[in-house]
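This report describes the fold of one protein chain, from single residues to the whole.

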Amino acid sequence: MKLGIDVNRHKEIIVKAISAVLLLLLKHFKLNHVYQFEYMSQHLVFANCIPLVLKFFNQNIMSYIAAKNTIAVIDFPNCVIGEQPELTAESLEAGDSIQFCWRNLFSCINLLRILNKLTKWKHSRTMMLVVFKSAPILKRALKVKQAMLQLYVLKLLKVQTKYLGRQWRKSNMKTMSAIYQQVRHRLNDDWAYGNDMDARPWDFQAEECALRASVDRFNQRRYGEEPSGIEADFQHVDNNLLSVLGQQVDLPEEFKLGYEKWLQREVFTTQIDWDQLLS
């Protein structure tokens, strides 16, 4: 086994695992609460996730997907299905007949889906795609003939089309036609004819700041140590029975002095009809 193949295989596994974990976290947070999703999204954006993903795709993506950094004999699921051949030098060097690496294709689709989740309905982040010149990078990714990967590439191209100018749309009619054919549309979509002069970056920055303020208010209300009295109805409620019963309660002195008399009068001397109570 060559050292280079093993090192490249480890790199591919790391990219696959990180991309899958980030995508699952974003999907879970969006289902749990949208502000949790926005909080993580903003952290990813501020950590330069968008240019990092674009830099990842700014390579020969066809060669990356077609890379053969695997050993078919000991690779999953061949290592657990069917009869296991004897491990020899010839069997380790024998390759498989698959024309692409499923691991790298899976990683690319995950990264594109993360990029879509970060930029969807966010004009300031869409402008980041335009500023970083992502259109030619994404167009090169369309050379990969895989339907799901092409779908998410076309979605990313669609959101920034109206900011790229009329000349770009005129010279990329094949891409425009592919977007029409494969991406879902809405009645009020203006991506194909919108004017880039309508883009006002200061409004987009204000939207990002307003979103950040809303996320901070949510975190303070839900997880803050000192919740404000103004939003008392939205404070966290402890629903754990053991936790509630285990809390220390300060009783007034009048209650402590008359507790035994109350217990004797209301509990011990009162006849309780348990049949009627339980029926």
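Beyond its neighbours within four places in sequence, Thr161 is in contact with Trp168, Arg169, Met176, Ile179 and Trp191. The model in which these contacts occur is a predicted one. Thr161 belongs to the loop that links α9 (147-160) and α10 (166-171). Is this residue, Thr161, buried or exposed? Thr161 counts as buried because its relative accessible area is 0%, under the cut-off of 20%.

A second residue, Tyr39, has its place in helix α2. Setting aside neighbours within four places in sequence, Tyr39 is in contact with Val215 and Asn219. Tyr39 is classed as partly exposed because its relative accessible area is 37%, which lies between the limits of 20% and 50%.

Both residues can be paired with a partner further along the chain, as the table shows.

| Pair | Separation in sequence | C-alpha to C-alpha distance |
|---|---|---|
| Thr161 and Ala192 | 31 residues | 6.8 Å |
| Tyr39 and Ser214 | 175 residues | 9.8 Å |

Contacts across the chain can also be described for the protein in general. Among contacts between residues at least 6 apart in sequence, 73% join residues that are at least 24 apart. The protein has 16 helices and 0 strands. Of its 279 residues, 32% count as buried.

Burial can next be followed into the interior. In soluble globular proteins, nonpolar side chains tend to be buried together. The largest nonpolar core of this protein has 43 residues, and those with the most contacts inside it are Phe57, Ile65, Cys108, Leu112, Leu149, Val153 and Leu157. At least two residues of this core come from each of α1, α2, α3, α4, α6, α8, α9 and α11 (173-182). Helix α6 gives the most to this core, namely 8 residues. The surroundings of Leu149 can be listed in detail: not counting residues up to four places away in sequence, Leu149 touches Ile65, Leu105, Cys108, Ile109, Leu112, Ala141 and Val144.

The last topic is the surface. The protein exposes about 19500 Å², of which carbon and sulfur atoms supply 58%. Val249, Leu251, Phe255, Tyr259, Trp262, Val267 and Phe268 form a nonpolar patch on the surface, and together they have about 680 Å² of accessible area. Which helix supplies the largest share of the nonpolar patch? Helix α15 (residues 259-268) does, with 4 residues. One of the patch residues, Val267, lies in helix α15. Val267 is partly exposed because its relative accessible area is 37%, a value over the 30% required of patch residues.

Methods:
Residues are numbered from 1 along each chain as its sequence is written. This is a predicted model: local features need pLDDT of at least 70, side-chain atom pairs count only at pLDDT 80 or more; totals for chains, interfaces and linings use all residues. Side-chain values use heavy atoms; hydrogens and water are left out. Patches are made of residues with over 30% relative accessible area and no salt bridge: like charges are joined within 9 Å, nonpolar side chains (Val, Leu, Ile, Met, Phe, Trp, Tyr) within 5 Å. Accessible areas come from the Shrake-Rupley method with a 1.4 Å probe; for residues, only the protein chains shown count as cover. A salt bridge is a side-chain nitrogen of Lys or Arg within 4 Å of a carboxyl oxygen of Asp or Glu. Buried means under 20% relative accessible area, exposed over 50%, partly exposed in between (1.4 Å probe, protein chains only). Contact means heavy atoms within 4.5 Å. A nonpolar core is a set of buried Ala, Val, Leu, Ile, Met, Phe, Trp, Tyr and Cys residues joined through side-chain atoms within 4.5 Å.
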